[in-house]
Amino acid sequence: MKKFAYILSFIVLTMGLACESYTEDLNTDPNQFSSAPPELIIGQAQLGWMQLVTSNSARYAGIFMNHFTGEDRQYITVNEYSTTASDYDDTWDDAYVDGITQAQLTKNLALDTGNNLLAGIAQICEAAIFGEMAALFGDIPFSEANDIDNFPNPAYDSQASVLAGVQALLDDAITKVGSEPASIYAGNRLSSDATWAEIAHSLKARYYLIAKDYSNALTSARNGISTPEGSLVSLHTTSTNTENLYYQFMVDERDGYLGATESHLLHLLNGTVAREIATPGDAERLDFYFTPYSGGTGHAPNVTVNGVFAETASMNIISYEEVKLIEAEAANRTGDPGDVAAFNEVRSYLASVYNSSFPPTTSVTGSTDLLREILEEKYITLIGELQPFHDIRRTDNILNVPPKTGNVIPQRFIYPQVEIDTNPNVPSPLPTLFDPTPIN
Amino acid sequence: MKINLKGILTLFLALVVQLSFAQEKTITGTVTDEAGLPLPGVNILIKGTIKGSQSDIDGKYSIEANVGDTLVFSYLGFNSQSVVVKDANTINVTMVEDVSVLDEVIINALGIEKKKDDDLSSTSIVKVDQLQRSGEAGVLQALSGKTSGVNITRNSGDPGAGAYIQIRGQNTILGDSSPLIVIDGAIISNNSIGGGTAGVVQQSRLNDINQEDIESISVLKGASAAAVYGTGAANGVIVIKTKRGTRGGKKWKVEYKNSFSFDQVNVEWEKQGIFGQGFGGVDHLTGSGQSNTGFSYGGRIDARSGGPDTVDTSGAYFEAANGTLYYPVTQKNSTEVFNQINRDAVFKTGVTIENNVSLSHSGEDSRTFVSVSNWDQDGIYSGASDYRRTSLRMNSDIDITDKFILKMSSTYVNIESNRVQTGSNLNGLYLGYLRTSPDFDMRDYVGTYFSPSGVPTPNSHRGYRQLLGSSRTFNATNGTFSYNSPAYNNPLWTINKQKNLNEVNRFIFAPELNYEINDNLLLTGRYSLDYYQDNRINYWPAGSAGDGTNGLFSEDRITESNQNINLFVSGSANILDDLRMDYTVGTQFFQNKYKRLSAEETNFTNPDEVFLNLGNATSANSNASDFISLTRKSGAFALLNFDYKNEFLFELTARGEYVSSLPNAGMIFYPSASAGWNFTRHVEDTNVISFGKLRLSYGEVGIEPAPYSTETYISTGGVFSGWGDGYEGALYGNPLSQSATRGNPDLKEERIKEFEIGFDTRFFDNRLSLSATYYNRTSEDVLLELPVAPSAGFGTQLVNAAEISNKGVELDLSGTIINTADLQWNMNISYTRNVSLVEDMAGSAYFALNGFTSNSSGVAEGQPFGVLRGTKYARDSNGDLILNANGFPTASATEDFISDPNPEWRGGLGTSVSYKGFRLSALLETSQGNDVWNGTKGVLYFFGIHPDTAVETVASQDLVNSAGDVIPSGTTFRGFEQDFGAGPVAVDGTWWRGNGGGFGDVGEPFHEDASWTRLRELSLFYTIPADAIAKLGLTNAEIGITGRNLILWTDIEGFDPDNNLTGASKGRGLEYFSNPGTKSFITTIRLTF
């Protein structure tokens, strides 16, 4: 009997301790992949870019610059220019984790496999996100970004050096993408008839403009998107979470938060505030942009089938109108006589879009009047986009857009709580909403 | 560590196999109790040896012994007896019952019974009658208030609602926070899957177990007691023993129980009934549009002219199911207020019927217990809210030979329920109910909408934000209907038209083999399988709010299985004359398998029929997803108890194991050691102190990370904002994305180290007992999803970085105040204080556990676990409010820690008085110092529904409101004057809709002290005298009534602070339109044949 007990105990113990194999090799996730080719990752980078420029950042900017009105719940406080650091967490996540990280991963994997074209396209996306973040926040991590092994707490590069880096990235991308059309690797996310190189030049123009380098902005704009069909736009369908994000926000998610009651943009279109150039076509544009509330007490951005933010309406990522207006402004500021023609090209294009009258300018080339006309047209035409917000801050609000409250339009977005919590390199003291970014 | 364990194990082996003995003569005899009935299973040991025997079913035993040996007879619940062997070959022994009824028995982690007096940890036992009196639906809830050190909070009063259980403090941020549940040796799941800020109130899987089947529950609070389970036992162990057939006595016994329970909502929100739907003092008129304001800032309802509203019958209208027609209102005339009518339409008295039959049988060589139980609960809403549980149990013990026993424990449970949407959810019951304006009659919630051109929308949903009901248009291009629906559900739509069904099928099968290798060595082999499938269906008809606008159907199929193999040998040995050792050495294999297959369809192809199946949407609107996981553990353990002269007690435990989710951690070793000193014999006056024991223990246990955390993955992409808008990757070419969570190959277990000291004493002839325990537990290497700077390319990384400490005191005092033949009066008091502190967060400022971005419960260094964070009002260095130009406070730019949801202390006071057949018992419970974020209140301010907003004031001087508008002196305005520091201002709707209400940036004013005291139970039972029922063949009959949760004392208004928005989550103290709690009246009949 004791022998039996001995053997038994021995068996019990050896089973327990020798059975490491029972638990081995079970810890690789069956629900996720461990690797993927870069062709499959570029899409996520592009979604991150689309989200950055068409989601909450654009809505906040739209309220800040008086395109829209925050009318319900948390948006009421946004309308009062009261936001907190955590309101910007999403923006950084969209930009860095969903955008830049995936773009750089795509780029690196593509370079490994010799797919220079894909690397260049990823680089355009990367540059655009860095550029937009620098424009919104000022100093941001750039040279040490997305390299956690070496830089767990990335340093903040100066706004000017980031914008310079963006230009370098775009220059390099242009050499990689040749003359390939922008439909390549755009999937069902993005659409444009232009080439990737033209898109890159257009972005160069935008970020030169933001850096106030007007002569380079002019050169780049003239190499950029040259037809309305060349605009790079997001694509949307009626399926859940593929709709236009303004539509998603206003109809599916946060009914009543975002309106346009008594907004400055509304006032410009309905004649409450006079335009620089009297524009009869704004009546049509008003109907396209805004819908009145049934009670007659206000307006909302138009999310109906025929509206600017219809369920399936595309959003501009960078448009023909923007590039032409950059060209007009840069020419105007650098003494180039092309300013009048570029501006009138936009006006006549608008006339064709709205099938109504958008009279050409009567101001002379190089004049401040023309500059105001260009910026006002950009303010109106680029509804729902971030660029007019950059323009207002860059031009020290030359258009005199009235703030929602107080005397100043917010001068930036503020750093997110998530960086404040994790990255000791976040600038100190923290700038407030009304501290201009360095380039402004 | 490896060597250590092996050394200890080798020692055990040596003991196991040691030596034999001389054989002189055979002693036989019978062991009986004082009534002369045979006592089976009595241990007979020759003092100073490990040689022993046991009495058989007839109380007979035999043992080889020498003359002069001392035979020690011991049996749980009886006094030990020593008899010296003389010439006689027959020794009959009558065992005397240990008079101390307090000679309680606990069950250790392995399910082995042990005298409470020998326990060196602070294990509590809860007996069947205590559970049965509670009147609660679930085992978890029934444990509430029964013992110190255990905090149980039910999620809500909804039928089948689960509960949160926390033994001592919280130990882990990301790991499992539920105790390990062991029922008849089977490790079973206590999952509560789901439970965010929206959805339905989830069940806790432990509540699947039929309470009536339970014999006793041991709560192992300390780490030393749990250490034998190692990883997974960090939150304590709950060992449940179910009823079994007993040896001897009556051959069969049938018990029947019936109870009726009547449930009502226990606390309700008050709503203002003065101002109507509208804005700025102007009544809302429906006009031609369909979307109506959510605000109740209209005119005074009593100032209207009376009579029916003036309506426009020329265009669109709504025809209710009962034929009532609703037209757009052009002039509000009606002075009716519908708050009470609406309330009565939503709530009713819920009824639960429980029936329970059990049969136990005691046979020649087998014992069986069979039970059938049905619990049928209809909730407190006038709609579909129910929970039906049917369970079967069969426990059977078979003596295959006199040395070989097979114990079978098996149960099958079926649950069907229909739940109700709750929380931060446009389809949530309370969200729509509480926000509804007082002048809106919600009873006509469904009907037909007719457009101005007469096109009908059937099954139209009418709510206060869409007075003409939902309407639809047909989109010929994509062939679907597009609905325009109310912003919030009418609550009657929520409870009558939406379905949130679940069905659980579960079986637990746990065979155990006991083989007596020799008289003193027992081999136990256990296998257990706990398997369930939880199938959930949500059906939101088209016309519902939010995501249900065009219809939503989702189905979840969750399956989980837990398999456990346990093999151990146990025995005892007398090492020296007075030194006895009990040992257990064993091994365990455990496997958990989980699978969840989910499918969701939106935009119904045919919205006109209730279709509870997939296939009612285009493929683009039909999505499926799947999650599977498999984890395993293998370990060996040893448990060693020493007893020196019944005075000094020592216990050593060791466990070594491999865990599949920690592939690079190697073997993980957990030690524990305990010591106790029973000083009773040194007490001079045993009439005063009848028993005394000091105990001291140290133990380590662990928590494993979620599986698959050691690698960085590529997963399917998509981007969403915190507002809910975003791009669904699957519909955008399904791009892949490097995960935002960075894998960490160096992960190791979270380790809880606990030191515990305490005493157990009894006084005055055992009539008063007092136990106290102080513990100090530290969780080290706590896993933290450390936020990574987004600019570094990841969102988070899992790191063993944090440290949490919990220190606390547990006191239990119980006494028999009166003890006569006719009258007994018992009382017990428990006190628990736990202080948790997050010691280290590795530089991370904050990790949110649950809640919203604005107000959440989370962890931060230097703060108690679960601290509530939000935005405060901005203050200067003197602590004075920084006011804006209008004289109102402003929001601080960053978030702060505002309040603490952990109670400072909890206490329970139970008492029971028995007089002849009557027994009256009560349980009072209190929780003091716990805070809550009352998000509901802030939002009711915002909408002008809270009674605080329904006051009118005449301005004493020219005042400005928060918007800067001037209210001239002498003007009446809706609101009141308040001075924030810059002179009086007008607090009115502009403030409540800004930073003075729930949607502003500031959460501070809505953090409240949620201390409570409640009469948790009050019951009166009567046992009918035996002679009166004997004729009916009954041996026992009892009837009783119980009141559950009858009285609640708290400063909190509107809800029961026992509720938590996010259910059984680690985040606590959150309230946001969560479904209410209940109180109940219960009648019970118990009959025993």
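User: Why are helix 2 of chain A and helix 5 of chain A called roughly antiparallel to each other?

Analyst: Happy to go through that one; keep in mind that this is a predicted model. Helix 2 (residues 42–54) of chain A packs against helix 5 (residues 89–112) of chain A at an angle of about 150°, with the axes 8 Å apart. Angles over 145 degrees count as roughly antiparallel, so helix 2 of chain A and helix 5 of chain A are roughly antiparallel to each other. Their crossing is left-handed.

User: Which residues make the contact of helix 2 of chain A with helix 5 of chain A?

Analyst: From helix 2 of chain A they include A:Ala45, A:Gly48, A:Trp49 and A:Leu52, and from helix 5 of chain A they include A:Ala95, A:Asp98, A:Gly99 and A:Gln102. By class, this contact has seven nonpolar, seven polar and two charged residues.

User: What makes helix 6 of chain A and helix 8 of chain A roughly parallel?

Analyst: Again, set the angle against the cut-off. Helix 6 (residues 116–137) of chain A and helix 8 (residues 196–210) of chain A pack at about 15°, and their axes are 11 Å apart. Angles under 35 degrees count as roughly parallel, and therefore helix 6 and helix 8 of chain A are roughly parallel to each other. The crossing of helix 6 and helix 8 of chain A is left-handed.

User: Over to chain B. What makes strand 12 of chain B "mostly covered"?

Analyst: Five of the five residues in strand 12 (residues 163–167) of chain B are buried. To be called buried, a residue needs 20 or more other C-beta atoms within 10 Å of its own. B:Ala163, B:Ile165 and B:Ile167 point one way from strand 12 of chain B, B:Tyr164 and B:Gln166 point the other way, and all are buried.

User: How do you know that strand 11 of chain B and strand 12 of chain B pair?

Analyst: Pairing takes at least two bridges, and strand 11 (residues 150–154) of chain B joins strand 12 of chain B over five bridges, in the antiparallel sense.

User: Why are strand 64 and strand 67 of chain B called edge strands?

Analyst: Three strands of chain B form an open sheet in the order 64-57-67, with mixed pairing. Strand 64 (1007–1009) and strand 67 (1070–1071) of chain B each pair on one side only. Strand 57 (residues 931–934) of chain B pairs with strand 67 of chain B in the parallel sense over two bridges, and B:Asn934 has B:Glu1071 as its bridge partner. Helix 8 (residues 935–943) of chain B lies across strand 57 and strand 67 of chain B, at about 30° to strand 57 of chain B.

User: What do the chains share: how many residues of chain B are in contact with chain A?

Analyst: 90 residues of chain B are in contact with 87 residues of chain A. On the chain B side, strand 38 (residues 622–644) gives the most, with nine residues. That side divides into 43 nonpolar, 38 polar and nine charged residues.

Key
Residues numbered from 1 in each chain as written. Chains lettered and ligands numbered in written order. Predicted model: local features only at pLDDT ≥ 70, side-chain atom pairs only at ≥ 80, totals over all residues. Axes fitted to C-alpha atoms, helices over the stretch in contact; angles between N-to-C directions. Helix = DSSP H or I, 4+ residues; strand = E, 2+ residues; numbered from the N terminus. Parallel < 35°, antiparallel > 145°, perpendicular 65-115°, else oblique. Left-handed = near helix turned anticlockwise from the far one by under 90°. Contact = placed C-beta atoms within 7 Å. Nonpolar A, V, L, I, M, F, W, Y, C, P; charged D, E, K, R; others polar. Buried ≥ 20, exposed ≤ 12 C-beta atoms within 10 Å, placed from the backbone.
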